[in-house]
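Here is a short report on side-chain packing and surface features. Please keep the sequence and the model at hand while reading.

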Protein chains: 4
Amino acid sequence: MRTGIWLIGARGSVAVTATVGALALRARLVEPTGCVTESPALAPLLAAAGLAGWSDLVIGGHDVVPTPVLKKAEALGAAGVVPARLVAALAAELTAHEDDLRALPAGAAQADTAGLIAADVTAFRERHALDSVAVINVSTTEPAPPPHPAHADLASLRSALIREPVLPPSALAAYAAFSAGCGYVDFTPSTGARLPALHELALANGVPYAGNDGKTGETLVKSVLAPMFALRNLRVNTWSGINLLGGGDGANLADPAANAAKVASKQRVLSDVLGYQPQGTSRIDYVEDIGDFKTAWDLITFSGFLGTGMRVEFTWHGCDSALAAPLVLDLGRLTAAAQLAGRAGPLPELAFFFKDPLGSSSAGLTEQWTTLVDFARGLST
Amino acid sequence: MRTGIWLIGARGSVAVTATVGALALRARLVEPTGCVTESPALAPLLAAAGLAGWSDLVIGGHDVVPTPVLKKAEALGAAGVVPARLVAALAAELTAHEDDLRALPAGAAQADTAGLIAADVTAFRERHALDSVAVINVSTTEPAPPPHPAHADLASLRSALIREPVLPPSALAAYAAFSAGCGYVDFTPSTGARLPALHELALANGVPYAGNDGKTGETLVKSVLAPMFALRNLRVNTWSGINLLGGGDGANLADPAANAAKVASKQRVLSDVLGYQPQGTSRIDYVEDIGDFKTAWDLITFSGFLGTGMRVEFTWHGCDSALAAPLVLDLGRLTAAAQLAGRAGPLPELAFFFKDPLGSSSAGLTEQWTTLVDFARGLST
Amino acid sequence: MRTGIWLIGARGSVAVTATVGALALRARLVEPTGCVTESPALAPLLAAAGLAGWSDLVIGGHDVVPTPVLKKAEALGAAGVVPARLVAALAAELTAHEDDLRALPAGAAQADTAGLIAADVTAFRERHALDSVAVINVSTTEPAPPPHPAHADLASLRSALIREPVLPPSALAAYAAFSAGCGYVDFTPSTGARLPALHELALANGVPYAGNDGKTGETLVKSVLAPMFALRNLRVNTWSGINLLGGGDGANLADPAANAAKVASKQRVLSDVLGYQPQGTSRIDYVEDIGDFKTAWDLITFSGFLGTGMRVEFTWHGCDSALAAPLVLDLGRLTAAAQLAGRAGPLPELAFFFKDPLGSSSAGLTEQWTTLVDFARGLST
Amino acid sequence: MRTGIWLIGARGSVAVTATVGALALRARLVEPTGCVTESPALAPLLAAAGLAGWSDLVIGGHDVVPTPVLKKAEALGAAGVVPARLVAALAAELTAHEDDLRALPAGAAQADTAGLIAADVTAFRERHALDSVAVINVSTTEPAPPPHPAHADLASLRSALIREPVLPPSALAAYAAFSAGCGYVDFTPSTGARLPALHELALANGVPYAGNDGKTGETLVKSVLAPMFALRNLRVNTWSGINLLGGGDGANLADPAANAAKVASKQRVLSDVLGYQPQGTSRIDYVEDIGDFKTAWDLITFSGFLGTGMRVEFTWHGCDSALAAPLVLDLGRLTAAAQLAGRAGPLPELAFFFKDPLGSSSAGLTEQWTTLVDFARGLST
């Protein structure tokens, strides 16, 4: 199966890390560490399901900025996000990759813009003779949009898009992807495909979608620690944390509205797993000097037998781009395979990958894993 | 079902905390926080299986020290391990509890000692008209004993016990428990029932056993964090930790031989979950001033996509006695119920409770939970 | 020398902890741990200077709430801030202490209110035949007040106080204290005596003042860690932190304006010591469950030789009231002694005690200590 | 003033980092971050004292291993200890530096070996027309040597050195340095110059010496945090820590005897500053994967007012070589300058740089700084 991944935000840190990695994996320069689809337990099932191999995977995408991918990759190499030697070894491939990138188009009306986006994606699919393409949003986090009546059904949305801007960029990308017959994944906490009108379009066109907000750091730890307390029947009183991060994503999150969207997404796991919301909040602070390696600190206070008070602290020091990139490749391959297997609409079985997953699946990482393995098994039969 | 729990080490911190808790639960003075058998997901299944209610649970035991239980409970109250107000409210019950405690007997030969222990347990069962009694070892950790040919089969063991001391105290207690027709649980990393001769005796007498080494702190966190790395296909390079603790258990672990037994038990989870052993060790240091509230710190370094290095640290500040005590009550109730349901030999389904569980079950906490729920379901049918 | 300490906020946690401590020290029930004036290096100098002994120290004060001191002390005992056994042993003294407490008076105009406050303080001084009284503000943090022309000189202030409310409560207390011939200390980041008109009054009446914002936790650590980097010629790039606290002070700091005043005070030490302001901020979050034992976490990233990046993290888990209370006793005794030694106006030599000290003294703790020792030596000669 | 630094262990991480740095500073490629002698407060005093400028500083040394310096520097560049671009820019200078390195000589008797070492150092001094040379030991830590009567006076030592090996390598290097008329600094916890016979030789030949054990990480933090508790009259109950490190120094410290020497050195600061020894120990564990960036974690528990228990934790994540290297340059320049200023025997004024300083100076970093500034002032007058 030949698969395409079309990235919205294709010149950003996550996208370029994923691109360097995909090229390095194709050239057999690295091991697929961090790629969930290459886990010993999943890989054989997915091979049987015809998941795209590294040589059958092509990446393209849109971006609003013009930074050359090679230049961005070199900057990531200098920052320690990707090995500088890999960037040097893949310089020619990274330059050639420019041919599959496009400036994010803008039309007179949102309907026109969506048409231009869809045309770019369609041309990419045809140029590379791809069986399936997944569009993945890895651009920066948007504020939550104001509600609009046109979000409620597809007919209203279509007529509104001709008249006025009613969709935030992430939702417009989902609209364009579905229109082009592609699956859509939102790796951010933005709206993406989560509108009734878009759900209707996905079903109408027989395409799947997944999201939201890739689970890469502090929330990943939460999704295994919170079940520990629940299974042991311990009462969590406080769960407070702070994330310090620089880089482009950090700068964007200095905007209070985007920050609020992200923070809400980070706390959902606690009430989902525990059945109640402990005190405390999860803060995100932009500190330019921290750069791509985020530091998150969490304090958890809990009560044990006879009410005895205890506590856990953890510090997570991780590179968000390096944690996100292999998941982007995983999600592209899985969504494309799901589409070929005939799936349309939401893919709640991919909850393993997200902070704020679609559907009502469990928020505990291990249950999500079991669901994912079942999903992989289903694809192959 | 009327159930007894007979504690080896009945005047120690864990035992007295469990006793205060059992009395407080019977008197409805507290919620069963930390009792796994009272989790919303397990409690209905176990009620259907006839698990002993709090008013049907009686505690007795042996100890080598004569400290009055009320005095020990008051000391635990002053140290913040149990609420002082509970100790005051239960003073009469704690004094009456002395009637069910015995000095650990010693005979001319180990066979005699075992006979005296079994007689005490049998008298306890008859005095309280109990359907089933589980003997639980909560005394301090022993060094690993030298191997002996008599450990290999029951006939050899029986003749050896008349002649010479061949069993460490924990194994002698298991021998006595099985002889008295009781189940046995080892909450410590000591030998306990883990000898072929004892396994033979358990099967012969139709009694179950479980262990080893209650999973209360740092290892509990390991059992959820290690799967996180495995599921995400991240490579753990280093997992190093240190446990600082005072109290009686801490003092005992200052003995290098006991320390070695405990440390080995603490690292097993990593190789079991990850399939390889990361670098690093888990240290245990005795610091008298730390008292009952242990502090453990762990550093985990790991490689992600393209080999990028990242790290997590956690600090666990917990009260071992308060974490262990509800599990002791859980294990007593579950083992007694298993015996009445006809189970004999090892109970690998109780792996959820142990650092170094019997049998080959998964080391991941969530899989262990699933197994436990299935076990509970089986008991009730 | 007989000395009085008159506390604004006399029924709050800090004040009651200080009161319990002063009574316990007088009764020789405890050691003076945490009292800087009892350090081996300072105590002989201060004894020579005639510093008030524990039996010559009397506490009184104002508060807006009517909670009985004994009841508050019992609550502090239950929370582990003070030993419950001390509260029980001092119950009679704590009840008798009510005789020296007054409701915070309010007049028709601020001039009237100040007169009533001054009258209460004067009556306290005469009733106990005190040589000197220091008024200390330990009430909750105020927002920064709007500027007002009447703050600029004493004559303007006096006429304005008759007409309209121009002073925040902390400054009105300073005005009243100075009017009554008493020294004033502000243990909070509020305005206190820091207005030109109040400085003028202090000089006119020959009374000293000190402040602001007692250095009890995270900032105390900053005041020794920041000099470490400076002395080693290492470059601090980021210093970010978060303080999680409950209790009354925490609730007040949930107010953004009060929070801003406190945060500014906490960061001043860095630019003072380092000569530049690193990136990052110091946050304060109210988490009710955390109670009186604050947890603060700080991340410091720095560059060493040839630009190599390194980092330090620390977690401070302290009880603010227990850290503040001995300093309140120290400051009362020292300010009273300074007044008798003829000092008027600001006491920059007390910078050791404050986050945001008056005057231009060094922000490094050890230099502040040297200054304090010289000050003590000066008092005794 | 032209100054030489002769390093024992000249091909190790610390030495090569110092060499790269010295060359980079001479070429004005970097700022002197981490060089204490370049602090704004010290630099003018030292310039007045004629301290060697970067262009007047020459490095040479002995080593037992033959690894080319450029190759070692490239490895340090790959590990992030020094910037790889600096190593590339200085490749020619690093190759030329080989001319000033010698294999550590060995003679028939220790007297012969010392003679050969001294001859190498003397030839280096003459070849570069140096006014003064300081020999600095940066090789790995030795176990404490057995006592020997020949250590007591110079005459006994001289005759013993002909017959039998009585000195550990660090002391033999000091003997050779003094014999060659050079100062000696021990940057390790090894014996170095700390024997009466060597002291006698230093005085006889009019040369100074300094040590021991460069204060680079956890102990540096201790030397500012411990005074904080002392100055605030708080009681430290526990101070326990663990150091995880890889690299050459880490491997050596896996040897229990060397480890013991280092651990003792690390704890001395606490009893020196506090006047008592808190409970707890400081462990050092070798974890190969950790490499050059050491992680140290410390837990401090302390009692405040009325005995209230509190705690601080810190994690230090630093590169030992990058922290040590500028101090090596500082110590070489300062010791050489002290010799030219006529100083002979121990230099206790350099305590600022050491974990276990010679002489009885204060263990608090700020007092040590004051002493260092006075020393610099003395050199210039």
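## Conventions

This is a predicted model, where local features need pLDDT of at least 70, side-chain atom pairs count only at pLDDT 80 or more, and totals for chains, interfaces and linings use all residues. Residues are numbered from 1 along each chain as its sequence is written, chains are lettered from A and ligands numbered from 1 in the order in which they are written, and side-chain values use heavy atoms, leaving out hydrogens and water.

## Aromatic pairs

Over all chains, the structure holds 34 aromatic pairs. Rings of Phe, Tyr and Trp (its six-membered ring) pair if their centres lie within 6.5 Å; planes under 30 degrees apart are stacked, over 60 edge-to-face, and the rest tilted. One pair is Phe229(C) with Phe302(C): tilted, 4.9 Å centre to centre, with 55° between the planes. Phe229(C) lies in helix H10 (residues 218-231) of chain C and Phe302(C) in strand S9 (residues 293-303) of chain C, so the pair ties together parts 73 residues apart in sequence. Helices (H or I, at least four residues) and strands (E, at least two) are DSSP runs, numbered from the N terminus. Phe229(C) is buried, at 0% relative accessible area. Phe302(C) is buried too, at 1%. Buried means under 20% relative accessible area, exposed over 50%, and partly exposed in between (1.4 Å probe, protein chains only).

In chain D, the ring centres of Phe229(D) and Trp239(D) are 6.2 Å apart and the planes are at 85°, so this pair is edge-to-face. Phe229(D) is in helix H10 (residues 218-231) and Trp239(D) in strand S7 (residues 235-245), ten residues apart. Both Phe229(D) and Trp239(D) are buried. Elsewhere, ring pairs join Phe229(A), Trp239(A), Phe302(A) and Trp316(B) into a cluster.

## Charges over rings

Arg333(A) lies over the face of Trp54(A), 4.1 Å from the ring centre. The charged end of Arg232(C) sits over the ring of Phe352(D), 5.2 Å from its centre. The criterion is NZ of Lys or CZ of Arg within 6 Å of the ring centre and within 35 degrees of the ring normal.

## Surface residues

Ile162(B) lies in helix H7 (residues 154-163) of chain B. Ile162(B) counts as exposed because its relative accessibility is 59%. Ile162(B) and Ala108(B) are 54 residues apart in sequence and 8.8 Å apart in space, C-alpha to C-alpha.

Val65(A) is in the loop between strand S2 (57-63) and helix H3 (69-78) of chain A. At 37% relative accessibility, Val65(A) counts as partly exposed.
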